[in-house]
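Let us walk through a protein model, stop by stop. Keep the sequence and the 3D view side by side.

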Amino acid sequence: MSAARALLVRELALALRSGGGAGLGLAFFLTAVLLVPFGVGPEGERLATVAVGTLWVAALLAALLSLDRLFQADAEDGTLDQLALAPLPLEALVAVKAAGHWLTTGLPLVVAAPLLGLTLNLAPSAMPWLVASLALGTPALSFLGAVGAAITVGVRRGGLLLSILVLPLYVPTLIFGARAATAADPWPALLLTAGVTLLVLAGAPFAAAAALRVNLR
């Protein structure tokens, strides 16, 4: 447990330092959402129609931006080899790194979503459901991204390949998460979002660890 805690503290420190990429996702999220009124027009009804979809798509793309940093930097300087030899299992290593990515990327998006929802004229009644769906869905984005990052860790400039691999896997979370904030009865979609996330949390560390073992041979 102490090793996992130390690794998480390291991941947070690396992400929050200058150039660590922690603010990159949030900056993209804010910029992408704030540009929407310029593209679709300032009319409140039109903005409200696209608000939930815009916020979810922007959050999804923002989560992608820093995924290539998850293992690539450690692989290039040899740290990943050292971590693979540590007592901490690779599955736990992946889980901690993905959790660190969510804390520095996904969680700020969840916090910023209500404010941006107001700028898009999102109905107040939909706001709690949007926040709940993002809180339940964004961890799946980080953990699925960890699988893609592990597969492409040995590929030079593998960011595009990573996006191609991961984006199709994000679709169920995107559909159910957006539906939870727009449906008349949001509970089924919200429960499906939670179910997808639980499934991802259970399986992604093992898939990513297997990919890392192949790349570290």
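This is a predicted model: local features need pLDDT of at least 70, side-chain atom pairs count only at pLDDT 80 or more; totals for chains, interfaces and linings use all residues.

Residues are numbered from 1 along each chain as its sequence is written, and side-chain values use heavy atoms, with hydrogens and water left out.

Start at glycine 117. It lies in helix H6, residues 90–119. Helices here are DSSP runs of H or I with at least four residues, numbered from the N terminus. Glycine 117 is buried, with a relative accessible area of 0%. Buried means under 20% relative accessible area, using a 1.4 Å probe and protein chains only. Leaving out residues up to four places away in sequence, glycine 117 touches Leu55, Leu122 and Met127. Touching, or contact, means heavy atoms within 4.5 Å. Now look across to asparagine 215, 98 residues apart from glycine 117 along the chain. Their C-alpha atoms are separated by 41 Å.

Next, find threonine 173 in helix H8, residues 159–182. Threonine 173 is buried, at a relative accessible area of 1%. Beyond four places in sequence, its contacts are Trp56, Gly137, Ala140, Leu141 and Val196.

Finish at threonine 193 in helix H9, which covers residues 187–215. Threonine 193 is buried too, with a relative accessible area of 0%. Its contacts beyond four places in sequence include Ser133, Leu136 and Phe176. Gly177 is another one of them. There, the threonine 193 side chain reaches the backbone nitrogen of glycine 177 at 3.3 Å.

Conventions: Helices (H or I, at least four residues) and strands (E, at least two) are DSSP runs, numbered from the N terminus. Buried means under 20% relative accessible area, exposed over 50%, partly exposed in between (1.4 Å probe, protein chains only). A polar contact is a pair of N or O atoms within 3.5 Å; within protein, one must be able to donate a hydrogen and the other to accept it, and residues adjacent in sequence count only if both atoms are side-chain atoms.
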